[in-house]
Amino acid sequence: MVWASDFLQPLDEIEAHMKSLAYSGAHGYLVQIIDPAEEDFPFMGRARFEAHTIRDTTILGRAEMVRTSYRQRYDAHAEAVKELARRLGWVFLRHRTDRPPGTALIALYGALGGARAQRGF
Amino acid sequence: MPSFAGLLTGLISGLSFGAPYLLYALIGLPIIYWLLRVTPPAPKRIVFPPLRLLFGLKSSEETPARTPWWLLLLRLIAAALAILALAEPLYDPTPVARGAGPLVLVVDNGWTSAAQWQTRQAAMNRALTGATRDNRPVLIVATAENAPVITQFLDPGKALQTVTDMTPRRGCPIAPRHWRNCRP
């Protein structure tokens, strides 16, 4: 089972979903698709951040001031998802949308092929 | 050739305002300046799916980014120009008969004026244009009559008509024998 997402949902939601999939016997390949702006946080100055799925918004007087702490959180979150995948023995791949999609597909193909080869398909 | 300073003086003296009391609004400019400085620029809207990760983060310097000085200057100039425009500036380089009271035109309409009558009428029209603007009553005194003819106070529109209809008196023939029948 290949699950492509930005994996930005709360960790417990991701974990619950992964577990239910694992119980059904699926072997998971997680592909995290990353918007470069979400990873690099290039924003500056006064900005109101919104999301379609969340009603709350947050205003930052100087967006550039939170860049470091935001990146720490972002990396920690991605790391936590990766750890969840690792514990289930699943594959976790990351793809930034500013890179050619081919690289991600090749990596995914390699991972899928590798798993099949291991299982003796 | 008039100097630049002379031109400028001419320009300023030719300038008047239809609603000069509105110029008092210029006093309010510092308030606008202060307001523009205090209110920060509107925040940019950024759609950001990982919003949850941002909650609780504070930019340690919460003072909002200041409005850039050139934008401030531009807005102040725009405000000042708006006030000046509302004060109905009028540029009239020929300062003909300014004032607030009634306008009295004393016109020599003798036969000698016939040669430049059009110039004279144009001058009267100019003066009447100003009077129309300020809605001043007009009195016209024509001097080349046996006794000067003084009109009633006219409203500027009527005065304009009077001036248009006015003609110089005809002269008398040179030969004295005709003078008896001639009343210039």
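Let me start where the two chains meet: the contact draws 26 residues from chain A and 23 residues from chain B. Please keep in mind throughout that this is a predicted model. On the side of chain A that touches chain B, three elements each supply at least two residues, namely β3 (47-51), β4 (54-60) and α3 (67-88) of chain A.

To find the place in the structure, you can look for A:Ala47, which stands opposite B:Lys44 in β2(B).

Now let us turn to chain A by itself, where three strands form an open sheet in the order β1-β2-β5, with parallel pairing. Why is one side of β1 (2-5) and of β5 (91-96) in chain A left without a neighbour in the sheet? Both stand at the edges and each has a single partner strand, so one side of each remains without a neighbour there. From one strand to the next, the twist averages 20 degrees. Within this sheet, four bridges hold β1(A) beside strand β2 of chain A, residues 29-34, in a parallel arrangement, and A:Val2 has A:Tyr29 in β2(A) as its bridge partner. Packed on the sheet is α3(A), which touches β2 and β5 of chain A and whose direction makes about 150 degrees with that of β5(A).

That brings us to the interior. In soluble globular proteins, nonpolar side chains tend to be buried together. Here the largest nonpolar core has 12 residues, among them A:Phe7, A:Ile14, A:Met18, A:Leu84 and A:Trp90, and the elements giving two or more residues to this core are α1 (11-23), α3 and β5 of chain A. If we leave aside residues up to four places away in sequence, A:Met18 touches A:Gly28, A:Leu84 and A:Leu88. There is also a second, separate core of 11 residues, which includes B:Leu103, B:Met124, B:Ala127 and B:Leu128.

Let me finish with chain B as a whole, which contains six helices and six strands, following the pattern α-β-α-β-α-α-β-β-α-β-β-α when it is read along the sequence. Of its 184 residues, 10% are buried. Finally, among the contacts in chain B between residues at least 6 apart in sequence, 74% join residues that are at least 24 apart.

Methods
Residues numbered from 1 in each chain as written. Chains lettered and ligands numbered in written order. Predicted model: local features only at pLDDT ≥ 70, side-chain atom pairs only at ≥ 80, totals over all residues. Contact = placed C-beta atoms within 7 Å. Pairing = 2+ DSSP bridges. Buried ≥ 20, exposed ≤ 12 C-beta atoms within 10 Å, placed from the backbone. Axes fitted to C-alpha atoms, helices over the stretch in contact; angles between N-to-C directions. Core = buried A, V, L, I, M, F, W, Y, C linked by C-beta atoms within 7 Å.
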